[in-house]
Amino acid sequence: MTPLALGLLNVFFVLLVSLTLAAGLIWVERRLLALWQDRYGPNRVGPLGLLQVLADAIKILTKQDWIPPFADRAVFVIAPGVIMVTVLLSLAVVPITPAIGVVDLNVGLLFFLAMSSLGVYSVVLAGWSSDSKYALLGALRAAAQMLSYEVFMGLSLMGVVLIAGSFDLRKIVDAQARLWFCIPQLVGFVVFLIAGIAETRRLPFDLPEAESELVAGFHTEYSGMKFGMFFVGEYLGVILISAMITTLFFGGWRGPFLPPIVWFLIKTFAFIAFFVLLRASLPRPRYDQLMAYGWKLLLPLSLLNLAVTAAVVIAIHHGGGA
Amino acid sequence: MNAPFYVAGAIALVSTLLVITRASAVHALLYLIVSLLAIAVIFFQLGAPFIAALEVIIYAGAIMVVFVFVVMLLNLGPRSVDAERAWLSPVGFVGPIVLGAILAAELLYIVSIAPRPGSASSLVSPTAVGASLFGPYYLGVELGSFLLLAGLVGALHLARSTEQAAR
C-alpha cells in the first residue's frame, strides 16, 4: 500500500472510530448512570437498547434547526463547529498504536494544549451570540473556568515532559517502557485529571450549563443538529481527555499479551467510565469554591510538582554522571 | 517560498484589515484571532513549531479570550455599533493610509536591497528555544518576570481595595 493511501486510511479510521464512539457514549453513559443509580436506563430500542443512539440521531436530525431572530447569525452558526474542529484536530496527534495515529508532531503535546485553549471560543461565542441572559451568564462562567483550569492543565504536564525529555507524544509513550508515568508523576496525573474534567465541562464542573440555575447555560438557544454538535463535542472531549491520560500517564498502548490497540481501548474506556461515575456521584460546587480550589490549591500543587520533578531530573542526570 | 506560506500570509493581511474596519467589537476580535492563527501557520512554515504552538496557546487561546470576556462583560449593544460605524468614516482613513504606504514602500526597498539569507531555514526545536532563553537572553527573561510580578501585585492590590471598600 502506498504511504498516501495508508495515511488516508489512518485519518478516516481515527475520524470514524472517534465519532462513532462519541455517539455510542450517549448510550453507554445512560446505561452506566442507570446501573449506579439502580435503574434500567434505555433498554427498549434494539438489543440492550443499543439502537437508542440511532433513534436519538434521527430525532435530532429531523428537528427544526432554529436560529433566534435576535441572535448574531454568523457567530451563532460558527460556534458549535469550533468545538468539533478543535477536539477532532487534537485527536489527530494522539498515538493510538505504533502503526495507528494521524500525525507525529515534535510539539504534539503543545498542539493538544493549543487546541484545547481554542475550544473555549466555542462556548464563549455560543453564549454571546445567543443574546440571552442565561446563555451569557453560562458563557462568562465558562470563559473564566476554562481559562483558569487551562493554566495548570499545561503546568501539570510539564513534569511528564521533563522526564520524557520531549513534547512528542510517541517519545513520551516510549519513555514509559519501564515505568508508567502515573507513579513518579502522581500529583501531575491527579491535577491533569481534575483540569481535564473542568475543560470538558463535565459534572461536577458543569457550572457553565448548570440546569438548576441557568436553564441550559451557553446552549440554551440552540436546537436540532447545532445542539447535537455541542453534545457530541462534549463526548469527543471526554474521549480525548481519557486518551490523553492513557497516553501521558498510563503507558499508551503498552501492556502484556493483548495487542496494542486492545490495551489502548481498555485503558481509555476505564477513564471514560470514571468520568461517568463522577457524574453519578458528585454534587456541583459553588462557583467561588471552584475558582478558589483551582487557584489556591491546584496551581501551587502543580508548580511544586514541576519544581520537584525538575530538581530530581537534574540530580539524576548530573549527580550520576559526575 | 511555497503556496501555504502565501495563503497564510494573505489570510493574515485580509483578516487584519477586517479587524480595523469592523464596527462590532466582538467581530473585530474574531478576525484578530484568525489573524493570529494565520501568523502561527507562518511560524510553523518557517521551521519554528514551538513558537507557532505558543502563539496559539498564549495569544489566540489566552489573551484574546480575556479580551472577548471583557467585551462580553461590557455587553455593548447595537448603539455602540452605530457609534463605531459613525467614527469609521472613509475620510479618517486617508492620513493613516498615506503614512502607512510610505512605511511599506520603505520596508520593501530595504528588503529588496538587503542580502538574502540562506533559504535553508533549519527546524528550531523546543530545546533550542529554552536553551537560548536561559542562556544569552537570561536577563530579558528575568526582566520580563519582574514586569509580570509587578502586574500581579498591582492586580491583587486593586482587587483587595475594592473588597474592603464594599464592607
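Val141(B) lies in helix H7 of chain B, which spans residues 138-166, where helices (H or I, at least four residues) and strands (E, at least two) are DSSP runs numbered from the N terminus. With 11 other C-beta atoms within 10 Å, Val141(B) is exposed; a residue is called buried if 20 or more other C-beta atoms lie within 10 Å of its own, exposed if 12 or fewer, and partly exposed in between, with C-beta atoms placed from the backbone. Apart from its neighbours within four places in sequence, Val141(B) is in contact with Leu133(B) and Phe134(B), contact being defined by C-beta atoms, placed from the backbone, that lie within 7 Å.

The model is predicted, so that local features need pLDDT of at least 70 and side-chain atom pairs count only at pLDDT 80 or more, while totals for chains, interfaces and linings use all residues. Residues are numbered from 1 along each chain as its sequence is written, and chains are lettered from A and ligands numbered from 1 in the order in which they are written.

Chain B as a whole has seven helices and zero strands, and 15% of its 167 residues count as buried. Among its contacts between residues at least 6 apart in sequence, 58% join residues at least 24 apart. Helix H2 of chain B, residues 25-45, has 21 residues and reaches 31 Å from its first C-alpha to its last, close to the 30 Å expected at 1.5 Å a residue, the expected span being 1.5 Å times one less than the number of residues. The buried residues of H2(B), among them Leu30(B), Ile33(B), Leu37(B) and Phe44(B), pack against helix H1 (3-21) and helix H3 (49-74) of chain B. After H2(B) comes Gly47(B), whose phi is positive, near 85 degrees.

The contact between the two chains takes 18 residues from chain A and 16 residues from chain B. On the side of chain A that touches chain B, the elements that give two or more residues are helix H4 (108-118), helix H5 (120-130) and helix H6 (133-164) of chain A, and the largest share, six residues, comes from H4(A). This side of chain A divides into 16 nonpolar, two polar and no charged residues, where Ala, Val, Leu, Ile, Met, Phe, Trp, Tyr, Cys and Pro count as nonpolar, Asp, Glu, Lys and Arg as charged, and the others, Gly among them, as polar.

Ala143(A) is placed in helix H6 of chain A and counts as buried because it has 25 C-beta neighbours inside 10 Å. Leaving aside neighbours within four places in sequence, Ala143(A) is in contact with Val120(A), Val124(A), Val65(B) and Phe69(B).

Elsewhere in chain A, helix H8 (residues 186-199) and helix H10 (residues 224-249) pack at an angle of about 170 degrees, with their axes 11 Å apart; axes are lines fitted to C-alpha atoms, for helices over the stretch in contact, and angles run from 0 to 180 degrees between N-to-C directions. That makes H8(A) roughly antiparallel to H10(A), since angles under 35 degrees count as roughly parallel, over 145 as roughly antiparallel, 65 to 115 as roughly perpendicular and the rest as oblique. Phe189(A), Phe192(A), Leu193(A) and Gly196(A) in H8(A) meet Ile241(A), Ile245(A) and Phe249(A) in H10(A).

Asp38(A), finally, is found in the loop between helix H1 (3-36) and helix H2 (52-62) of chain A. Asp38(A) is not a glycine, yet has a positive phi of about 60 degrees, and counts as exposed because it has 6 C-beta neighbours inside 10 Å.
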